[in-house]
Amino acid sequence: MDFQQAIDSINYWAVLVAALSAFVIGGLWYSVLFAKPWMEENGYTEDKLKNSNMAAIFGGSFILSLIISFVLVMFLGPERDAIFGATTGLMAGLFWVATALGITYLFERKSLKLYLINAGYHIITFTIMGLILGMWR
């Protein structure tokens, strides 16, 4: 496979939807499922969160999610399918992202609970992104 084949095989709608899936998962993960423990482990209060620049946070997060989605689809290549996409996403989330976060969390002396919340989000997100990118060619 050459670079041009990889570029030609990209479904940009799938890249966009995969990037948006990070927001859906994040919304459920950090507000419905783990809001209280995530806030406690970070030392956040409702007031502190309300006084954040949400446009910058969400805008920056969306751009980064687009980058992740685009690079993941390039990594999957033109012969991708749903199983390969989901498996590769899972492996990337678990063995690259979560382990890299683990190193940072060890040096920053952050809690195991916070690590599991944040690493879990990325593992699930990368898996779903890979599934979307693999099945929607």
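Student: What share of the 137 residues in the chain is buried?

Tutor: Buried residues come to 36% of the 137, where buried means under 20% relative accessible area, exposed over 50% and partly exposed in between, with a 1.4 Å probe and protein chains only. This is a predicted model, in which local features need pLDDT of at least 70 and side-chain atom pairs count only at pLDDT 80 or more, while totals for chains, interfaces and linings use all residues. Residues are numbered from 1 along each chain as its sequence is written, and side-chain values use heavy atoms, with hydrogens and water left out.

Student: How many helices and strands are there?

Tutor: Seven helices and zero strands. Both are DSSP runs numbered from the N terminus: helices are H or I with at least four residues, strands are E with at least two.

Student: Which helix holds S65, and is S65 buried or exposed?

Tutor: S65 sits in α5, residues 54-76. Its relative accessible area is 9%, so S65 is buried.

Student: What does S65 contact, apart from neighbours within four places in sequence?

Tutor: A19, A22, F23 and M129. Contact means heavy atoms within 4.5 Å.

Student: How do the axes of α2 and α5 cross?

Tutor: The axes of α2 (residues 12-33) and α5 come within 8 Å and cross at roughly 130 degrees. Axes are lines fitted to C-alpha atoms, for helices over the stretch in contact, and angles run from 0 to 180 degrees between N-to-C directions.

Student: What does that make their orientation?

Tutor: α2 and α5 are therefore oblique to each other. Angles under 35 degrees count as roughly parallel, over 145 as roughly antiparallel, 65 to 115 as roughly perpendicular, and the rest as oblique.

Student: Which residues make the contact?

Tutor: From α2, Y12, A14, V15, L16, A18, A19, L20, A22 and F23; from α5, F58, S61, F62, S65, L66, S69, F70 and V73.

Student: Changing topic, what is the phi of R109?

Tutor: R109 has a positive phi of about 55 degrees, though it is not a glycine. Most residues other than glycine have a negative phi.

Student: Where is R109, and is R109 buried or exposed?

Tutor: R109 lies in the loop between α6 (82-108) and α7 (112-135). With a relative accessible area of 70%, R109 is exposed.
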